[in-house]
Amino acid sequence: MLRMEHVDKEYHHRGKLVRALHNVTLEIERGEFVAVVGPSGSGKSTFLLLFGGMLSPSSGRVLFDGASLGDLSAEERARLRARRTGFVFQTFNLVPYLTALENVMVPLFLAGMEESAQRERAEGLLARVGLEGRLDHKPSELSVGQQQRVALARMLANDPEVILADEPTGNLDPETSRSILDFLVELHREGKTIVLVTHDPRVAERAGRSLRLVEGAIVEDGRHEFAVVG
Amino acid sequence: MKLSTLVGRELFERRHQLLTGFLAIFLGIAVVVSIQHVSHFSEMAVARQLDQLGANILILPKSASLKDYYSADMQSEVMPEEYVTAIALSDVEGVNNLSPKLSVPVRIGEREFTLTGILPKSEFQAKAAWQGAGVFSRATGHVCAADLPGYVKPSGDEILVRRRVVEILGESEALLGAEAAALLGIESGGVLELLGKSFSVSAVLPQTGTVDDTRIFAHLHTVQDLTGKGPALNAIEIVGCCQQITTGMVRKLNALLPEAKVVTISQVVDTQVKTNAMMANLSVLFMVIIVLVGGAGIANYMYANVFERRREIGTLMALGAGSGMVLRIFLLKAALLGVAGGIGGYMAGTALAVALGPHLAGVTVLPLPLLLFWAVLLSTAISLVASYFPARRAARLDPCASLQEV
């Protein structure tokens, strides 16, 4: 489903060359739940954004379902993200001036869905994450846990095949964190391919496979026997 | 969710920041609209004043000179009266008054006078074809003296003195210049014998200090018949209106009447052209300043807005927005800002001009609805052009850097 072939990613930061990833080659099968762990600055987020087509590798290839993302135009990559990929961020990244319902409607609008259908689907998704009573609340009127659940509903809007989650529990209390992870596990059971970046080993244990990144290189690639047990 | 909802919500949410961008365009457009209003009505006032100076274009027989004309316009050369019809039926714009005439010397007792045949305006209006051509109202683009709001038409005698136009003049009626009347000892209502015909004197004209004071005016066709010259003229005087004089009127008249000589009375035309040019240049100067200041204000606001929304832009890109969509979001916002600034600026500028016009420029200013269209067009164009580069920057943002995830 997702594949990297000899990927290097370098960029300049304040005049200095930063090597985010170095010669990474791996494959993630359809339906896998992969956790990417490693210290800060190890290239975890770069890894995720490369799979999302939001970054281009300095060298090597990134493939999504057999298609090289580098061969797609920026607009084609945007369409791919809109229809087949869902992002979840540590800081939720909800649009602050839109209500919970409108935030969930955004990806549906970007995918070209009719407004009435957008509304119906967004209401259903917010009900699924337990926020049917908070449709008209803006992010600032919601708790952090509720905000992350809105972000999860938004991520699911276009029923993506691949979920790319960047520290989705990083800003949450243990109980909310557990419920978010339970939700991701449930999505995995439904057949979604999930790549989750975390620095928390307990979170990584919930995944079926762990990749350890250090200084831009994969130093460990292991599978867990009882990965999806909650 | 629609694009307009997304843009509208953001505009409303950050309305206080929006105020700076809106004010830049609103104030700029208000100033432009205000200047346009005042200069338009000032231009009309100048046109009215210049119009009162008399004819500014002459049509003479080819061989006649201006010197002949000024020596009591009695050159021996004549041209056909058909030229008047040709002008009336042509597409020449800006003819505010048309005065054909034929002058001949006449002797009454021991004294010599000039008998000038003129065509009363009622005869122009009586000719359906001329009326249809609308010769006296074809001054498009600029309103001439006769059309000015609040303009009180001068009395018949004054019009004759200035423009040699009278509304009605019977075939046996005559008008006497002040000096001619004094010399002949005839008053209004008297009878005058001329070339074997008896004329009743309809009016004695006010003193002008010109050759007209010794002139006797009668109906053109009567003078033509009495002198046996047939349908001939010495000159056609034209009061050309406003900018049409400089925008092809003389050229068109030359093309229309290749056998005649078309001359402008330079002082009058020059004054008119210079005044119009000065007002036009002033408007352009202000327009350029406003475009630069307003555009810079909008661009500054939009750059700040793009910077502030980097994370949001990155998020939208992660959710599937392409660079084209991001560009549209910012340009739609700019267009809404432009339309609002244009409408608001028009209203404020019009109110300002109506209130201050009489005090600052000494003219009565009325709202010009057409300026609303131009205000909105200009405002939107400024806003879109000024926002294009900030919008393009937003569309080209590195989503990773904007998400601060790397």
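**Reading contacts in a predicted two-chain model**

Me: What is the relative accessible area of A:Arg3, and how should I read it?

Reply: A:Arg3 has a relative accessible area of 29%, so A:Arg3 counts as partly exposed. Buried means under 20% relative accessible area, exposed means over 50%, and partly exposed lies in between (1.4 Å probe, protein chains only). Before we go on, two notes on the model. Residues are numbered from 1 along each chain as its sequence is written, and chains are lettered from A and ligands numbered from 1 in the order in which they are written. This is a predicted model, where local features need pLDDT of at least 70, side-chain atom pairs count only at pLDDT 80 or more, and totals for chains, interfaces and linings use all residues, while side-chain values use heavy atoms, leaving out hydrogens and water.

Me: Which residue forms a salt bridge with A:Arg3?

Reply: The general idea is a side-chain nitrogen of Lys or Arg within 4 Å of a carboxyl oxygen of Asp or Glu. Here A:Glu5 is the partner of A:Arg3, with the closest N and O atoms 2.8 Å apart. By this rule there are 25 salt bridges over all chains. Another one joins A:Glu190 and A:Arg128 at 2.5 Å, N to O. A:Glu190 sits in the loop between α6 (174-189) and β8 of chain A and A:Arg128 in helix α4 (residues 115-128) of chain A, so this pair ties together parts 62 residues apart in sequence. Both ends are partly exposed: A:Glu190 at 45% and A:Arg128 at 36%.

Me: Which residues of chain B are linked in a network of salt bridges?

Reply: They are B:Glu10, B:Arg14, B:Glu308, B:Arg309, B:Glu312 and B:Lys333. Within this group, B:Glu312 and B:Arg309 have their closest N and O atoms 2.9 Å apart. B:Glu312 is buried at 8% relative accessibility, and B:Arg309 is buried at 3%.

Me: How many aromatic pairs are there, and how do I read one?

Reply: A pair of aromatic rings is described by the distance of the centres and the angle of the planes. Rings of Phe, Tyr and Trp (its six-membered ring) pair if their centres lie within 6.5 Å; planes under 30 degrees apart are stacked, over 60 edge-to-face, and the rest tilted. The count is 5 aromatic pairs over all chains. A:Phe47 and A:Phe51 have centres 5.2 Å apart and planes at 85°, so they are edge-to-face. They are 4 residues apart in helix α1 of chain A, about one helical turn, and both are buried. By contrast, A:Phe87 and A:Phe89 are stacked, at 5.7 Å centre to centre and 5° between the planes.

Me: In what order do the strands of the sheet in chain A run?

Reply: Helices (H or I, at least four residues) and strands (E, at least two) are DSSP runs, numbered from the N terminus, and two strands pair if DSSP finds at least two bridges between them. In chain A, 6 strands form an open sheet in the order β6-β7-β8-β3-β9-β10, with mixed pairing. Its edge strands are β6 (85-88) and β10 (217-223), each pairing on one side only. Inside the sheet, β7 (residues 162-166) and β8 (residues 193-197) of chain A pair in the parallel sense over 5 bridges.
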